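Here is a briefing on one protein model. Look at the structure first, then read the points by topic.

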Amino acid sequence: MIGAMGGRSRHAWLVILALVLALGCAGPQIAPQTAAPPPAPTAQPATAPGGPASDLLNAVLWMQRSVEYKANALTAFALARIRLDQALEDRNWTAAPKEQTGAYQSLPPAIVLDIDESILDNSGYQAWMTLKGTSFDPKTWNAYVNTVTSQPIPGAVEFANYAASKGVKVFYVSNRTAEEEPATRKNLEKLGFPMGGDVDTMLMTRKKPDWGSAKGTRRAYIARSYRILINVGDNFGDFVDEYRGTEAERLKVMEEHTARWGREWIMIANPSYGSFESAPFRHDFKLSDDEKRRLKRAVLDAWPGP
Ligand SMILES: [Mg+2]
């Protein structure tokens with residue numbers, strides 16, 4: 001027993017000795033690669049060095065700076081082109097199921113494009129709001145529109161011109177105001193969008209008395225003279241007039257049209273604003289930013305945590 005224990009004890013000492021030697025040898029080799037420990041963090045200054053917190057930051061960062069956003073938009077417009085070719089071949093095809101009535105099959109073809117965040121990228125305005133820590137205001141928005149500096153959404157100019165090259169009339173159905181139309185027209189022209197020739201293809205909100213922010217009346221106006229093949233938008237309201245309901249109501253309407261998405265209805269991603277954002281606070285824009293944020297947080301399906 002004693003001999004056996006003595007043997008284990010010797011063995012243990014040998015192991016320790018080997019470890020000491022190994023560490024002794026390794027020391028000089030690893031020492032030059034070991035950086036000095038970073039200095040302990042100093043106290044945070046009173047104002048956050050990252051700037052004011054903004055609920056918009058990640059959305060704007062994604063839309064303005066990411067290759068993922070650009071690839072996503074190119075994907076949508078590549079699909080739109082395929083669908084346009086199919087629609088031209090199928091006389092019964094329409095992207096305005098509610099508004100397209102009568103013998104529409106023989107009408108000349110058209111497409112409907114929303115403008116903001118569907119074909120024009122206004123991320124410069126969104127980025128300004130993010131950095132400034134402020135929110136949308138018609139006055140600052142109007143000033144931005146008048147700079148005529150909106151950029152094209154990737155794939156949009158090419159898609160619109162492809163449609164025009166096939167004899168398809170390109171209509172712009174936008175909730176920009178009639179007052180903003182001249183600058184908007186200039187912006188689209190500058191980027192090379194087809195402008196409709198002798199047909200007024202700029203259908204801004206309130207340009208006619210019954211053209212409200214819901215776009216059904218404007219689609220009906222186009223559908224009287226054209227067969228609408230494709231509708232492109234970034235907001236549910238670009239496709240249906242029932243977009244200002246609760247989240248559950250919006251989901252129900254969206255699902256009623258499941259077969260249209262990616263066929264005659266092409267949705268461009270916009271995580272920075274839209275009726276998706278206001279649905280949790282019942283589209284009540286008079287609420288304070290804090291209250292809106294509270295209601296948005298309240299609808300999240302969250303894991304209870306560890
Ligand atoms: Mg839009």
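Arg206 is in contact with Thr177, Ala178 and Trp211, leaving aside its neighbours within four places in sequence. Two residues are in contact if their C-beta atoms, placed from the backbone, lie within 7 Å. This is a predicted model: local features need pLDDT of at least 70, side-chain atom pairs count only at pLDDT 80 or more, and totals for chains, interfaces and linings use all residues. Residues are numbered from 1 along each chain as its sequence is written.

- Arg206 sits in the loop between strand E5 (202-205) and helix H8 (216-223). Helices (H or I, at least four residues) and strands (E, at least two) are DSSP runs, numbered from the N terminus.
- The C-alpha atoms of Arg206 and Asn175 are separated by 8.5 Å. Along the chain, these two residues are 31 residues apart.
- Most residues other than glycine have a negative phi. Phi of Arg206 is near 65°, a positive value.
- Arg206 is partly exposed, with 13 other C-beta atoms within 10 Å. A residue is buried if 20 or more other C-beta atoms lie within 10 Å of its own, exposed if 12 or fewer, and partly exposed in between.
- His283 also has a positive phi, near 60°. His283 lies in the loop between helix H10 (275-278) and helix H11 (289-298).
- His283 is partly exposed, with 14 other C-beta atoms within 10 Å.

**Helix packing**

- Two packed helices are described by the angle between their axes and the distance between the axes. Axes are lines fitted to C-alpha atoms, for helices over the stretch in contact, and angles run from 0 to 180 degrees between N-to-C directions.
- Helix H2 (residues 57-65) packs on helix H4 (residues 123-132) at about 150°, with axes 10 Å apart. H2 and H4 are therefore roughly antiparallel. Angles under 35 degrees count as roughly parallel, over 145 as roughly antiparallel, 65 to 115 as roughly perpendicular and the rest as oblique.
- From H2, Leu57, Val60, Met63 and Gln64 meet Ser123, Gln126, Ala127 and Thr130 of H4. The residues of this contact divide into 4 nonpolar, 4 polar and no charged. Ala, Val, Leu, Ile, Met, Phe, Trp, Tyr, Cys and Pro count as nonpolar, Asp, Glu, Lys and Arg as charged, and the others, Gly among them, as polar.
- Helix H3 (residues 67-89) and helix H6 (residues 156-165) pack at about 10°, with axes 9 Å apart. That makes H3 roughly parallel to H6.
- H3 contributes Phe77, Ala80, Arg81 and Leu84 to the contact, and H6 contributes Ala156, Glu158, Phe159, Tyr162 and Ala163. By class, the contact has 7 nonpolar, no polar and 2 charged residues.

**Core and overall make-up**

- The largest nonpolar core has 48 residues. Such a core is a set of buried Ala, Val, Leu, Ile, Met, Phe, Trp, Tyr and Cys residues joined through C-beta atoms within 7 Å.
- Ile111, Leu113, Phe171, Ile228 and Leu229 touch the most other members. H3 gives the most to this core, with 7 residues.
- Beyond its neighbours within four places in sequence, Leu113 is in contact with residues including Ser118, Ala160, Phe171 and Val232.
- The protein has 11 helices and 7 strands. Of its 306 residues, 28% count as buried.
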